[in-house]
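Please look over the sequence and the model before reading the points below.

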Amino acid sequence: MKTKKFVCILLACILCLVFALTGCGGNGTNGSDPADNGDIGIGGVGGDEDKKPDGDEDKKPDGDEDKKPSGDETEDKGTYYTVTFDSRGGSAVESQRIREGNPAARPQTPTYDGYYLTGWFKKDDTEWNFDTDRVNENITLYAGWEAEVQLPDSTASLTFVKEGNAYTVTGIGEEAIVVIPAEHEGLPVTKIQGHHGTGAFAQKAFTSVIIPDTITEIGQNTFYGCRQLVTVNIGANSSLTTIGNNAFSACSSLKNITIPQGVRTIGDGAFNNCASLESFSVASGNTAYRAENGHLIERATNTLIRGVANYNVPESVTNIAQGAFRRTSGITELYIPKTVTVIGNSFIQDSTITKINYAGTEAEWNAIEKSSSMWNYGNRDVQLVYAVAPITPSQPVNLCEVYMTFGNETVAAQLYDNATSRDLVSRLPLTLSFSDYNSVEKIAYMPSGSSALNTSDAPDTYTPVAGDLAVYIPWGNISIFYNAFRASAGLAPFGKIASDGIAKLSQISNNTQITITSEKPVKPEQPTNEPKVLVAYFSATNTTEGVAETIHSQVANSYLYEIIPQEQYTSADLNYNTDCRANREQNDPTARPKISGSVENIEQYDVIFIGYPIWWGQAPKIIYTFFESYNYDFDGVTIIPFCTSGSSGIGSSATSLHSLAPKANWKSGARISSGGSVSSLIAQMN
Ligand SMILES: Cc1cc2nc3c(=O)[nH]c(=O)nc-3n(C[C@H](O)[C@H](O)[C@H](O)COP(=O)(O)O)c2cc1C
């Protein structure tokens, strides 16, 4: 049933074209990541001279009291340059203002459906090294993208070598989901290790791996650079004892991992540069390691080996290992308790951490064993505060929703319950003129004659992120942050705009009039000749459902319909590693799982979006049932298929459906990743 399809479309060609048009030259897709293997960048920046807490001189984000346009101007703290990130089709990336001679911060990775980022490249196509390259002029960095490989639907193409009475897995072909067998040719499979210590699966594009209980050793570099790897499934009864050096290094999509009970050795850099890690779990009974606040800690030495996106280093930790929080994203502050006596080099380098809250005094901080390389933060202006308590992430209480309308667009915003938002709400509706400030925020002043908003309960400092609404107290203006900025004094945050509004607001031109209302503005009546649209979908685990809802919310005159199986699919039915119901149906050309209910008067629809999860490269058989249930030939109806999947593209799953409605006007459709943009899919309506 499964066909091998290795569809590897290099975006390079497109990028070359773009470069040719822009005169930039080169494709920039082959950059490797020099920092991935645990190398340490050069030290000394962002250190001593930047240790002053923010606030005093940073009265205004970007510090430009005279509102000069941004550029190479000399500010009282030196000359600053702008680093612009051209994501070339990916999601927008905020620009940075960097003091001359300092490195730029590695930005949050943009997204681009169907592609993954290979690095940031200069105009001459050389890759920018965020550890060592310095900013000495205004510069634009270009995203390098490579197409995600559309993986074949075959079972794992693993290679083995026999070692004594067992097998070692040494390599792999191209797979979406890797299932390592417990047994090979009658012998147990006990190790994963490439030849001569190379990573057996290094830099492969699979998304999920299932490791059987027989595996005792995951060798060095095994999963090194598997950037698309999200799920590592290790069983509760695993015999695993050893995880080698750099085994999961640069698995930048990995979010969680469980360390089984028997693991005694975790090699250097095993989880180095795992930027997305949210938590480790360590099986109870493991005598060598434990997890606290999600961080991985070695019991014998109380060393925090690898940190995750959690604000607090636990009080039990005495050592923080070299690079422990390197590239960690998702937190801006880190609390370090007084128990810590050793901090390794580059421990927060290239992370999103910009503030260290230390529990002890300055003298106690100075007594911690650490070298000057510890201050190798990337370019961060890291703020250090003493004698502070652990961080309790504040959960703002919401007051109400308001709406910001400009042109044909309306963006929703949630207001926090504080003095500023209550004052604002009492003045609505309000029309203000917004203009850009320093490529970070859109700002507007209150109407002339009206008083500044009440900011009586503003915090001392605030670190704005994209989407924040705040008042800048010294000037009295309202700011809509569409980019993040460093901790600043004088900001009174009062709400957050909906995430889909950030991009829209970032693009408004200067002096755009935005009306803020507490009631959602009623959109003008849709023209009556609008096509009638059906968004029909089947979703076993709700991924496709999310995409269908997004399409429905963005297509006027559309009706959402869920294809509900008469017999719901249980998780056992979906366990594709077994002879499960889903597999059996996909293998049976005659299978037509029954549907509960039907679309009323299906003939009324001019356009039908049909959505499904990919099951072994094809649409689930219930989609076939759907088309065959109606005594209708869909003549002239525009049908737009869409799917979600682990990684496979829509491929032949769409064309295989054509014979079910041969008179329809079938569009190519698309695979949409969870939360991904549906705009190009909707464009297929035209
Ligand atoms: C039986 C089965 C087979 C699957 N086959 C594939 C496949 O061939 N390629 C792939 O990328 N993902 C495959 N997946 C993953 C699903 O396509 C993916 O998880 C999808 O987003 C689930 O959508 P849903 O949550 O709407 O059901 C398979 C999942 C199941 C249950």
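Strands β29 (residues 441-444) and β32 (residues 477-481) form an antiparallel pair with four bridges. Within that pair, I443 has S479 of β32 as its bridge partner. The model is a predicted one. The chain holds nine helices and 43 strands. Of its 686 residues, 42% count as buried.

**The barrel and its helices**

- Eight strands make a closed barrel in the order β26-β27-β34-β31-β32-β29-β28-β35, and the pairing is antiparallel.
- On average, neighbouring strands of this sheet are turned by 35° against each other, direction ignored.
- Helix α3 (residues 419-426) packs on the sheet. It touches β26 (398-406), β27 (409-416), β31 (468-472) and β34 (491-497). The direction of α3 makes about 65° with that of β34.
- Helix α4 (residues 499-506) also packs on the sheet. Its contacts there are with β27, β29, β32 and β34. The direction of α4 makes about 120° with that of β27.

**An open parallel sheet**

- Strands β8, β11 and β13 form an open sheet in the order β8-β11-β13, with parallel pairing.
- β8 (177-179) and β13 (231-234) are at the edges with a single partner strand each, so one side of each has no neighbour in the sheet.
- Neighbouring strands here are turned by 10° against each other on average, direction ignored.
- β11 (residues 208-211) pairs with β13 in the parallel sense over four bridges. V209 has V232 of β13 as its bridge partner.

- β24 pairs with β22 in the parallel sense over four bridges. E333 has K355 of β24 as its bridge partner.
- β24 also pairs with β25 (residues 383-385), again in the parallel sense, over three bridges. There, K355 stands opposite Q383 of β25.

**Nonpolar cores and contacts**

- The largest nonpolar core has 68 residues. F223, I320 and L334 have the most contacts inside it.
- Strand β22 (residues 333-336) gives this core its largest share, three residues.
- Apart from this core lies another, of 41 residues, including F538, V637, L657 and L681.
- In soluble globular proteins, nonpolar side chains tend to be buried together.
- Which residues does I320 contact, leaving aside its neighbours within four places in sequence? They are L304, V313, V340, I343, G344 and F347.
- Among contacts in the chain with a separation of 6 or more, 62% join residues 24 or more positions apart.

**Around the ligand**

- The shell around the ligand has 23 residues, and T541, T543, T544, P613 and G646 come nearest.
- Helices α5 (543-554) and α6 (581-587) are the elements that give two or more residues to this shell.
- The largest share, three residues, comes from α5.
- By class, the shell has nine nonpolar, 12 polar and two charged residues.

- Helix α7 (residues 621-628) has K621, I622, I623, Y624 and F626 as its buried residues.
- The cover over these buried residues includes β36 (533-537), β38 (564-565), α6, β39 (595-596) and β40 (607-613).
- T625 also has its place in α7.
- Is T625 buried or partly exposed? T625 is partly exposed, because it has 19 other C-beta atoms within 10 Å, and a buried residue needs 20 or more.
- Leaving out residues up to four places away in sequence, T625 touches R592, P593, K594 and I595.
- The C-alpha atoms of T625 and P565 are separated by 10.0 Å, and the two residues are 60 residues apart along the chain.

Definitions and conventions. Residues numbered from 1 in each chain as written. Predicted model: local features only at pLDDT ≥ 70, side-chain atom pairs only at ≥ 80, totals over all residues. Near = placed C-beta within 6 Å. Nonpolar A, V, L, I, M, F, W, Y, C, P; charged D, E, K, R; others polar. Buried ≥ 20, exposed ≤ 12 C-beta atoms within 10 Å, placed from the backbone. Contact = placed C-beta atoms within 7 Å. Core = buried A, V, L, I, M, F, W, Y, C linked by C-beta atoms within 7 Å. Pairing = 2+ DSSP bridges. Axes fitted to C-alpha atoms, helices over the stretch in contact; angles between N-to-C directions.
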